[in-house]
Amino acid sequence: FNDNAGVVVVSPKQLGHVFTALFSGLNDYNMERRGDVGSLSRIVAMQGLVTLALTTTKEPNTAEEYFNKDTCTKLIGGLLKQLAEKLDAVRSEAGSCLLRILKQKEPPIPYIPQKDRLIDSLRLRGSGNADELNINWADASETFPLVIQALEIEEYFDHIISGLVISVGCLTQSVAKQATAVLVQWVKESN
């Protein structure tokens, strides 16, 4: 990888360890007297995962060696889980990260399961960024109805349900109410 100061050589095995560490960061729910400090880890993990995905897929000839379908599915699923969770800042970052991954054109990120369906579910057909698409990812009343549409995509079901369940049980009444409402509506409309 080129880090502007030189070339950094990383083996696929080493990069796998970095991906594993960042994926672990998506599951940090530590709390202390200052509050939910795990959310900071989750935000940084999302940013790191997106940066790694964008960096490792720049060269299509070596992308498979560093970034494969399983890694991509886990990345998108992890971002969707965070998008369905309780904290506004975490949802905001997850939405921005998803947008970067899904809208990446040169070269596009490979291996995204059901990419077109996911883009349609999240209403990302516009050409621009979240501001141009008028999406406020931090607003649960805006985000949850979008993310629940992606629940129909089998690869992401467990991730999204996990995030929504966390939101249903959160202490912020407005977020819990929104999560409950979309889940109940989805169950009523499901076969």
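Tutor: Contact means heavy atoms within 4.5 Å. Helices (H or I, at least four residues) and strands (E, at least two) are DSSP runs, numbered from the N terminus. This is a predicted model, in which local features need pLDDT of at least 70 and side-chain atom pairs count only at pLDDT 80 or more, while totals for chains, interfaces and linings use all residues. Residues are numbered from 1 along each chain as its sequence is written, and side-chain values use heavy atoms, with hydrogens and water left out.

Student: Which residues in helix 8 meet helix 9?

Tutor: From helix 8, F157, I161, L164, S167 and V168 meet V175, A176, A179, T180, V182, L183 and W186 of helix 9. By class, this contact has 10 nonpolar, two polar and no charged residues. Here Ala, Val, Leu, Ile, Met, Phe, Trp, Tyr, Cys and Pro count as nonpolar, Asp, Glu, Lys and Arg as charged, and the others, Gly among them, as polar.

Student: At what angle do the axes of helix 8 and helix 9 cross?

Tutor: They cross at roughly 135° and come within 7 Å. Axes are lines fitted to C-alpha atoms, for helices over the stretch in contact, and angles run from 0 to 180 degrees between N-to-C directions. Helix 8 and helix 9 are therefore oblique to each other; angles under 35 degrees count as roughly parallel, over 145 as roughly antiparallel, 65 to 115 as roughly perpendicular and the rest as oblique.

Student: Then A176: buried or exposed?

Tutor: A176 counts as buried because its relative accessibility is 12%. Buried means under 20% relative accessible area, exposed over 50%, and partly exposed in between (1.4 Å probe, protein chains only). A176 sits in helix 9, which covers residues 173-189. Beyond its neighbours within four places in sequence, A176 is in contact with S167, V168 and C170. A140 is 36 residues from A176 in sequence, and their C-alpha atoms are 9.1 Å apart.

Student: And helix 2 with helix 5: what is their relation?

Tutor: Their axes come within 10 Å and cross at roughly 5°, so helix 2 and helix 5 are roughly parallel to each other. The residues of this contact divide into 10 nonpolar, two polar and three charged. Among those from helix 2 are R42, I43 and M46, and those from helix 5 include E93, R100 and I101.

Student: How many residues are in the largest nonpolar core?

Tutor: That core has 56 residues, and those with the most contacts inside it are I76, L80, I101, L118, L122, L124 and L164. A nonpolar core is a set of buried Ala, Val, Leu, Ile, Met, Phe, Trp, Tyr and Cys residues joined through side-chain atoms within 4.5 Å. Helix 2 provides the largest share of this core, eight residues. Leaving aside neighbours within four places in sequence, L118 touches I76, L80, L102, A150, I153 and Y156.

Student: Changing topic, where is the cis peptide bond?

Tutor: The cis bond joins E106 and P107, with omega about -15°. P107 lies in the loop between helix 5 and helix 6. Most residues other than glycine have a negative phi, and most peptide bonds are trans.

Student: Which residue in that loop has a positive phi near 55°?

Tutor: Q114 has that phi and is found in the loop between helix 5 and helix 6. At 35% relative accessibility, Q114 counts as partly exposed. R123, in the loop between helix 6 and helix 7, also has a positive phi near 55°. R123 counts as exposed because its relative accessibility is 59%.
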